[in-house]
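Colleague: Could you walk me through this model, one step at a time?
Modeller: Gladly! Let's look at it together.

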Amino acid sequence: MPIISLKNVSKTYKAQSKGADRDGKLVERVKKKSSRLIEAVKNLSFDIKQGEFIGFIGENGAGKSTTIKMMSGILYPSSGEITCCGLVPYKKRRENAMNIGVVFGQRSRLVWELPMSDTFALYKEIYRIPAERYERNVKTFVELLEMGEFFTTPIRQLSLGQRMRVEIALSMLHDPPVLFLDEPTIGLDVVAKKNIRDFFRERNGRDGTTIILTSHDMKDLDTTAKRLILITKGEMLFDGSAAALKSRYGDESVAEFTFAGAPDKLSVAFDPAKRKLSDIIAEAGSRGEIENVEVKSADIEDIVRKIYNG
Amino acid sequence: MRYYLHLGWVYWKMHLKKTWMFKSSFIINRVVQILNYFVDFALIWIMVNAFQALNGWNTYEVMLLYAMNVMGYAIGGFFLDRTILTVRTDVQSGAFDDVLTKPVSPLPYLCFQNLNPNFIAHVTLSIALLCIGFGSLGTYIGIVEILKLLLGFVCGGLVYVGLFLFAIGPIFVFRKADSMRRVLFFLREQSMYPLSVFPLFIQILMTVILPYAMIGYFPVQSILGKQDYLFFGRAVLYLAPVISLAFCAIAVWFFHFCLRRYKSTGS
Ligand SMILES: Nc1ncnc2c1ncn2[C@@H]1O[C@H](COP(=O)(O)OP(=O)(O)OP(=O)(O)O)[C@@H](O)[C@H]1O
Ligand SMILES: [Mg+2]
């Protein structure tokens, strides 16, 4: 029994034309012609099992956020059906909300003027979290996300990375079995990203929290997500492990040679399954004295770049 | 309901904490607000005195209409005045998504999140005006009259809540709706005049379609025992609560109808 299931889900937005607030017949006529329909998500189907860690990827405008909004009950799909923990999220919004935690990296829900403890206390009431569990969770998250030193600072004075940690803790206060994370690492430095990544991995491993994470930083996903779902222009392109993605879209390594006395480098791309590295080095050695060789195996980022570029 | 009341309390404490630093501006705002009402009322007063009487309604009687209007507005505004602003900002920024991922019913949640107890000033003003009005007219006020008055408050509150909801709905669909709000709240000023001064079609409009007449005219008429029942006859006095409730119920339905069409924003 999957914890989340999408069946032929589509979402079409009616684009609001710019001239909508002017009137007059001409504008009216132009408006009719140009009122476009944007098919943000097309016929998307997949199942997610409890405890999975999904990396949800796709180019800008691919429809990731739209899909997450439908899975979390914010938007109605135009067609198709979604269930999350046995409920249809947009029909049973209130019940569904107890099962999910949501973070939109580009938005904040925190009370700007007050310290995080006030927003936490508010969420305790909204989610009716029993006092004991609340205390325990706050303590755990403050520790794990290292928020102790700014616990009483007004949110307004926190850095982006600090604020994001508060957002993440906030979405998990009520122990939801499912987490939707839409670009939770946007704008963070490498260290902050890594800490947050480790935190998610720890949560996923320890309580089996199902996590659906979108990010444009493939490193976020390389080391965390066991399964990647890749969509492009609203349609499913790939669904499987990172290894499967590599073997399907070419697992290309690059060997870069520097020769003594020559300013230019030589790059040789090759598929390690088909050619041995020693052959390539031998071949390069015949061209001159090798000073240095660097071998890079393809990471998901290279592959995804290749896919986005068509 | 207790849940939402409790949330309302938590949000209100938070609001106070936030505005604590701006205490002086808070007080200035209240003073300006009350002055505003007196200016409003002074204008009506001058007009009424200039004409002596509006269809048999003297100055103090018109003052009662005004007082009822203030009370209805206070009830609606208490729940929805800040709500309308919050909804507009949040829908435009996309932050409204957040309400939909919380385990709450949006309408009561929004009302109690944005309670505006400043409207207690209006309640005080309204009661003061009612005392002056009835006092000067020498109207007998017994239990029955008080009950009628309270029922009048409820009707006025329901109509105003409905008006606010009709103004909020379109925001979900069009992301802005100032025009709707302006129309509804321009018409509201007309409910400060006795209904019988208007042409027939407006009387009907203001009784059954946009029932502004429930706010002040019918309650006051009933207490004063006025006889200008108009087109509808005496029955309308008994229908007033039903009409107000129906209007509010339709507005609630409209709110949810629009909410279903909320489209969020791109990121
Ligand atoms: N509220 C909306 N109204 C109209 N069109 C929208 C809305 N939200 C998104 N879109 C459009 O739908 C498409 C998918 O957008 P979406 O935000 O889901 O993409 P995304 O994959 O999250 O992109 P990004 O990586 O840039 O966040 C885009 O073409 C976008 O312009
Ligand atoms: Mg997005």
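**Sheet, helices and ligand**

Colleague: In which sense do β5(A) and strand β6 of chain A pair?
Modeller: Keep in mind that this is a predicted model. Strand β6 covers residues 178-182 of chain A, and β5(A) pairs with β6 over 5 bridges. In one of these pairings, Gly101(A) has Leu179(A) as its bridge partner. The sense of the pairing is parallel.

Colleague: What is the order of the strands in the open sheet of chain A?
Modeller: The open sheet has 6 strands, and their pairing is mixed. β5 (100-104) and β9 (235-240) of chain A each have a single partner strand, so these two stand at the edges. From one strand to the next, the twist averages 15 degrees. Reading across, the order is β5-β6-β7-β3-β8-β9.

Colleague: Which strands does helix α11 of chain A touch?
Modeller: Let's start with another helix on the sheet: α6 (residues 160-172) of chain A touches β5 and β6 of chain A, and its direction makes about 160 degrees with that of β5(A). Helix α11 (residues 300-308) of chain A also packs on the sheet, with a direction at about 20 degrees to that of β8(A). The strands that α11 touches are β3 (53-57), β8 (227-232) and β9 of chain A.

Colleague: Are α4(A) and α1(B) roughly parallel or roughly antiparallel to each other?
Modeller: Two packed helices are described by the angle and the distance between their axes. For α4 (residues 116-126) of chain A and α1 (residues 2-19) of chain B, the angle is about 170 degrees and the axes are 10 Å apart. Angles over 145 degrees count as roughly antiparallel. The two helices are therefore roughly antiparallel.

Colleague: How many nonpolar residues does the contact of α4(A) with α1(B) have?
Modeller: On the α4(A) side, the residues in contact include Leu122(A) and Ile126(A), while α1(B) brings among others Leu7(B), Val10(B) and Met14(B). By class, the contact has 2 polar and 3 charged residues, and the number of nonpolar ones is 7.

Colleague: Residues from which chains surround ligand 1?
Modeller: There are 19 residues around ligand 1, and Gly61(A), Lys64(A), Ser65(A), Thr66(A) and His216(A) come nearest. The site is shared between chains, because the surrounding residues come from chains A and B.

Colleague: How far is an N or O atom in the side chain of His216(A) from an oxygen atom of ligand 1?
Modeller: Other polar atoms sit around the ligand too: a backbone one of Ala62(A) is 3.2 Å from an oxygen atom of ligand 1, and a side-chain one of Glu183(A) also lies 3.2 Å from a ligand oxygen. For the side chain of His216(A), the distance is 2.7 Å.

Technical notes:
Residues numbered from 1 in each chain as written. Chains lettered and ligands numbered in written order. Predicted model: local features only at pLDDT ≥ 70, side-chain atom pairs only at ≥ 80, totals over all residues. Heavy atoms only, no water. Pairing = 2+ DSSP bridges. Helix = DSSP H or I, 4+ residues; strand = E, 2+ residues; numbered from the N terminus. Axes fitted to C-alpha atoms, helices over the stretch in contact; angles between N-to-C directions. Contact = heavy atoms within 4.5 Å. Parallel < 35°, antiparallel > 145°, perpendicular 65-115°, else oblique. Nonpolar A, V, L, I, M, F, W, Y, C, P; charged D, E, K, R; others polar. Near = heavy atom within 4 Å. Polar contact = N/O pair within 3.5 Å; in protein donor to acceptor, adjacent residues only side chain to side chain.
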